[in-house]
Every structure is written in C-alpha cells, then in structure tokens.
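Load the model in your viewer and keep the selection panel open. Each stop below says what to select and what is there.

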Amino acid sequence: MREKKIPAQIVRRGGSRTAPTQRTALVVSHGPFCLDGIAAAACVGRFYGESSVTPVFTHPSDVDRVIEEATRASSKPQDLWIADITWKHQKTETLFKDLVRQGWRIFWIDHHTIAIEKDEAELQALGLTGWVATNQFSAARLLYDYLISAEDLLGKAPLVLKQFEKVVRLADDNDRWVHKLRGSRELALTVAALGGTVAYRELLHLNADLRYSPRMEEAHRAARRGLSDSTALAMRTRLEKTTDDGLKIVAALCKGYTSEVAEALRQAMTTHSVRNASHAIFLLYNLEDQRISLRKTPACEVDLARLAGRFGGGGHPAAAGFELPEAQGYLQNYLADRLKQALTE
C-alpha cells in the first residue's frame with residue numbers, strides 16, 4: 001500500500017489588535033504526556049502570563065467534549081487557543097460561531113493530517129481569529145512562530161517567550177521524529193513522566209539554558225526506568241508478520257513511551273539484520289490507556305494517519321494511533337475460556 005503525501009498549507013486570518021495583558025486565555029492542547037502539546041500550551045502561557053492562562057490537556061478522542069466543557073465553564077469571553085489537536089464534530093463548529101458572537105477570539109494551530117485536510121472555506125465561515133494548519137513543523141513551533149509574528153493581532157511578544165525558543169525546537173525535533181538536536185528525547189521523556197499541568201508549569205519556569213529543576217531531574221530518572229520496563233515488555237511480547245508485498249508488521253505490548261519503544265524495536269531489527277527491516281510498521285498496544293499506537297521506519301511509505309483513520313483514529317504520516325474497543329477484552333476472554341475448558345476436562 002502506497003499513499004501520496006498530503007501538501008502542507010498555511011492559513012491566517014486577521015482581526016483587531018488587543019494587547020495580551022488585556023485578555024485571558026484558555027488553551028486546549030494535546031496531552032497529558034505529549035511534549036509538543038504541552039510546549040505549545042507553555043508558549044501561550046509565556047505570552048499572556050501564567051496567571052492569565054488556563055491550560056487543559058486532552059486526548060484527540062475527547063477534544064470536542066473538552067472544548068465544550070471548558071468554554072461553557074468560563075464566565076466571560078476569552079482567547080481560546082486550540083493547539084496540536086483538532087475537533088471532529090459539527091456541533092463544535094456551531095459552538096465556535098456562538099463563542100465568536102459572544103466576543104471570544106479563537107486561534108487554532110495544528111499539524112496533524114485531520115487538520116491539514118480541513119476545508120478552507122468552511123474554516124473561514126467559523127470566524128476564527130487566526131489559524132495555522134501545516135505539517136511543516138510541530139504544533140509548538142508553529143504556535144511559537146505565530147505568536148512572534150502576529151503583532152497586528154496580539155501585540156509584541158515578551159522576552160520570556162523568546163527565551164523559550166530552544167524548548168520549542170526540541171519539541172519539534174522530537175515530535176517529528178527528526179532527533180538531530182541533543183536533549184529532545186530526554187525532554188520528551190521528562191515531560192511524559194511529569195504529565196499535564198505539572199509538566200506545563202515546569203516548562204513555564206524552565207530557564208533559557210534548559211537547566212532542569214530537581215522535580216524534572218527526578219521525573220527524568222523515573223521515565224528512564226519506566227521506558228526500560230516498557231521496552232522489555234515489548235521485546236518479550238513482539239510478534240512479526242509480513243504482508244504480500246514484503247512490508248513487515250511488528251506488534252507488541254507496552255506500558256507507555258510508545259515512540260521510544262518503537263525506536264527500540266526498530267534498532268533491534270537492524271541489529272539482528274531482520275529481512276525487510278527498513279520497511280516496517282510497529283503496532284503497539286499500550287496497556288496504560290488501552291490505545292494502539294502506530295510508528296514506522298523512515299523508508300516505509302505508508303501514511304499512518306490515513307491507516308489509523310480507517311479505525312477512527314488519526315495522527316501524523318509517521319506516527320498515529322486509534323482505539324479498538326473490541327480488542328480490550330480479547331486476551332482476558334481467551335484466557336478465561338482456556339481456564340474454563342481446563343476445569344471441565
């Protein structure tokens with residue numbers, strides 16, 4: 001199966017200028033364990049000021065519900081930032097129009113396939129103040145660049161945001177699986193271990209030299225232990241199959257850290273000179289949240305976002321995921337039936 005690449009697109013709308021100190025912001029972003037989503041929210045926090053921002057982190061499957069609940073809970077119009085995540089339902093678009101009429105300003109920044117494929121005319125009809133939808137960079141980098149350049153809408157970016165650029169570039173390097181910048185993997189592991197608003201607060205106060213706080217250092221040590229356990233589980237449970245056209249599928253169980261575990265599986269295939277190791281898809285069933293993550297080798301041309309979309313999920317061409325409820329009780333049912341059989345023999 002070969003898929004063509006989706007073209008990147010960048011769209012931006014204008015609006016009236018309002019200094020950031022005059023408004024508060026609500027951020028709904030991808031999380032709670034995603035460096036890119038949490039770094040994107042931290043960009044907003046550094047721009048408006050910590051006390052003026054309320055961050056909410058959610059999985060893509062819950063984003064519509066979270067947007068509705070978070071905005072309805074607000075007693076006054078705010079700036080709503082939706083980062084590293086995209087709504088799915090028509091009801092949410094109706095909500096956007098209602099919020100705009102009430103005086104909200106809505107900004108949306110995303111780089112996932114579901115975002116890029118949104119119809120531009122339909123987006124314009126929503127009345128969004130600004131948006132960026134492209135797979136050129138990760139959401140954190142796109143949002144950072146937007147805040148730096150959008151003086152006509154928001155005012156001049158403060159120094160505390162500009163001092164965050166190094167973190168933004170690390171988030172971009174890790175989320176797009178480039179891994180050319182030293183420290184990107186380590187920061188991603190640390191943020192995953194901290195999670196949600198705790199990680200958000202730590203990034204808000206992280207110095208420009210990226211010196212970890214004691215809490216971050218402990219989280220990183222815990223993450224290394226967790227990754228080691230998850231990788232060991234994946235190695236013990238991995239199962240390999242090959243499609244008719246030679247594509248290798250490697251399925252395994254894990255406990256979090258799916259991207260890093262997939263990389264460990266890839267390295268193991270390379271080390272053992274597995275045939276077709278350069279063209280492989282890694283399917284990981286995460287026991288922590290019962291979700292399935294897909295990763296692939298660089299040479300594999302399958303668009304994982306489109307593949308996951310067939311199961312109601314989504315993501316990036318090289319990293320995606322979905323839920324498969326019927327699989328959650330499969331192993332338990334099998335084991336219970338075997339035990340039942342043994343008891344009756």
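Start with Ser-138. This residue is buried, with a relative accessible area of 0%; buried means under 20% relative accessible area, exposed over 50%, and partly exposed in between, with a 1.4 Å probe and protein chains only. Ser-138 sits in the loop between β5 (130-133) and α6 (139-149). Helices (H or I, at least four residues) and strands (E, at least two) are DSSP runs, numbered from the N terminus.

Before moving on, note that this is a predicted model: local features need pLDDT of at least 70, side-chain atom pairs count only at pLDDT 80 or more, and totals for chains, interfaces and linings use all residues. Residues are numbered from 1 along each chain as its sequence is written, and side-chain values use heavy atoms, with hydrogens and water left out.

Now show what surrounds Ser-138. Which residues is Ser-138 in contact with, leaving aside its neighbours within four places in sequence? They are Asp-36, His-111, Ala-171, Asp-172, Asp-175 and Arg-176. Contact means heavy atoms within 4.5 Å.

**The parallel sheet**

Select β1 to β5. They form an open sheet of five strands, in the order β2-β1-β3-β4-β5, with parallel pairing. Two strands pair if DSSP finds at least two bridges between them. At the edges stand β2 (53-58) and β5, each with a single partner strand, so one side of each has no neighbour in the sheet. From one strand to the next, the twist averages 15 degrees.

Zoom in on β1 (residues 25-30). Six bridges pair β1 with β2 in the parallel sense. Pick Val-27 there: its bridge partner in β2 is Pro-55.

Helix α1 (residues 35-48) lies across β1, β2, β3 (79-83) and β4 (105-110), at about 165 degrees to β1. Helix α2 (residues 63-72) lies across β1, β2 and β3, also running at about 165 degrees to β1. Axes are lines fitted to C-alpha atoms, for helices over the stretch in contact, and angles run from 0 to 180 degrees between N-to-C directions.

**The mixed sheet**

Next, select β6 to β11. This open sheet has six strands in the order β6-β7-β8-β9-β11-β10, and its pairing is mixed. Its edges are β6 (239-242) and β10 (314-315); each has a single partner strand, so one side of each is left without a neighbour in the sheet.

Follow the hairpin of β6 and β7. These strands run antiparallel and are joined by four bridges. Thr-242 has Lys-248 as its bridge partner in β7. Five residues lie between the strands of the hairpin, where Gly-246 takes a positive phi near 95 degrees.

Step across to β8. Strands β7 (residues 248-254) and β8 (residues 280-286) run parallel, joined by seven bridges. Ile-249 has Ile-281 as its bridge partner in β8. Ala-251 stands opposite Leu-283 in β8.

Which residues make the covered face of β7, and which the uncovered one? Lys-248, Val-250, Ala-252 and Cys-254 make the covered face, while Ile-249, Ala-251 and Leu-253 make the uncovered one. In a regular strand the side chains alternate between the two faces of the sheet.

Bring in helix α12 (residues 214-237), which lies across β6 and β7 at about 130 degrees to β7.

**Salt bridges**

The structure holds 19 salt bridges, each a side-chain nitrogen of Lys or Arg within 4 Å of a carboxyl oxygen of Asp or Glu. Select Glu-323 and Arg-291, whose closest N and O atoms are 3.7 Å apart. This pair links distant parts of the chain: Glu-323 is in strand β11 (residues 319-323) and Arg-291 in strand β9, 32 residues apart. Glu-323 is partly exposed at 30% relative accessible area, whereas Arg-291 counts as buried at 17%.

Asp-303 is buried at 4% relative accessible area; Arg-306 counts as partly exposed at 31%. Elsewhere, salt bridges that share partners join Arg-23, Asp-79 and Arg-105 into one network.

**Last stop: a loop**

Finish at Pro-298, in the loop between β9 and α14 (304-309). Is Pro-298 buried or exposed? At 74% relative accessibility, Pro-298 counts as exposed.
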